[in-house]
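Work through the exercises below with the sequence and the model open, and try each task before reading its solution.

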Amino acid sequence: MKNVIKDQNDGVIQIKREGVESRILKWEDCVCVGCGICSEICPTKAIDMGPLGAIFKGDIEADKLDISEKCVLCGMCACACPFDAMNLSINGKSIKEMEQYPKIKRDIELNQDKCVLCEQCEIVCPQCAIEVERELPERKTLVLGEISFNDKCVLCGICAEYCPADAIELIPNDLNSKTLKPYKDIVVDTDACVYCKVCEKACPHNAIEAICYKCPLANRIPKPELYKEIKGQTTIDKEVCVTCGWCANICPKDAIEVQKPFEGELIVNEKACNACGACISVCPCNALVFPKSEKQGEIPPRVEVNQDVCVLCGACTHACPVSALDVKRTKINMTDAKAPAWEKAFSKLLK
């Protein structure tokens, strides 16, 4: 092929061809999860996978794949990549914007009206693609009361030590003061105080009086509608999200909907698995785990799959050194392939 140029550096591979039209294929290692779908679908076998297990475990530094000069810039790899690690542009326009090229469909949508800002989705997301920002009302809207110190207080500080909210502070005297007393006053942070009366009970001098209005007089105080006062938003970075579904599965209000790229299941050959952990290291979805053993320190000789959050990308199958994992895809969620050759190529992913 004439005028083909390959550039490779800093985890980015670019293959260019200039002529009647300009074609540029770009692959980014930092986005790639090592699923190997591009290698499976490539009609010229131009893509070779690297040693994924060693790479993800940190044993070696290397790119997850290599694209050779056999590449004909057809774009099948870019269309099939479910994580947008590859892109082919023709005359400066991405083929993902062209109707004639098929695309793997995956998506995630958040209903802000249903979201209660519980932060659980942010915690479980394996790719840190979700951020929850919330602003809570002041605590004093929930707790009301009074606290006072009388003349019996000797500034012993026992109340401060007992205070579960760290709301009591002794104010030290100036070092240059003529008085011999180490403390000059005691103050209460009323924003932190919950009027639990622990200080009153702990004081050996009966110097404290604490009144909690929320206890004996709770019926006199209207319950604040906190959900109307809590402000914030949840954002999802779709470029980072792998649509594993962790967030949707744990959301208590069903505020998140996820469309995965494939349907099917991941099968583990328990007899073949040697519990090396390579598959767990490469999985972008945290879908593979070692089950807890009954004996402490003992690792069972197999892994388990959480099918609910597996996206069937196949990265684990390429990393497994003993071929103990097998992806059984039954359906590809994609747009229509206009050409029979493309439809046949994508059907390879179901075998």
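**Exercise 1: a strand and its neighbour**

In β13, the bridge partner of Glu146 is Ile211. The model is a predicted one, in which local features need pLDDT of at least 70 and side-chain atom pairs count only at pLDDT 80 or more, while totals for chains, interfaces and linings use all residues. Residues are numbered from 1 along each chain as its sequence is written, and side-chain values use heavy atoms, with hydrogens and water left out.

Solution: Begin with the strands, which are DSSP runs of E of at least two residues, numbered from the N terminus; two of them pair if DSSP finds at least two bridges between them.

**Exercise 2: an aromatic pair**

Task: Decide whether the rings of Tyr101 and Trp342 are stacked or edge-to-face.

Solution: Rings of Phe, Tyr and Trp (its six-membered ring) pair if their centres lie within 6.5 Å, and planes under 30 degrees apart count as stacked, over 60 as edge-to-face and the rest as tilted. The count by this rule is one aromatic pair. Tyr101 and Trp342 are 5.6 Å apart, centre to centre, with 80° between the planes, and form an edge-to-face pair. Finally, check accessibility: both Tyr101 and Trp342 are buried (under 20% relative accessible area, with exposed over 50% and partly exposed in between, for a 1.4 Å probe and protein chains only).

Key:
Helix = DSSP H or I, 4+ residues; strand = E, 2+ residues; numbered from the N terminus.
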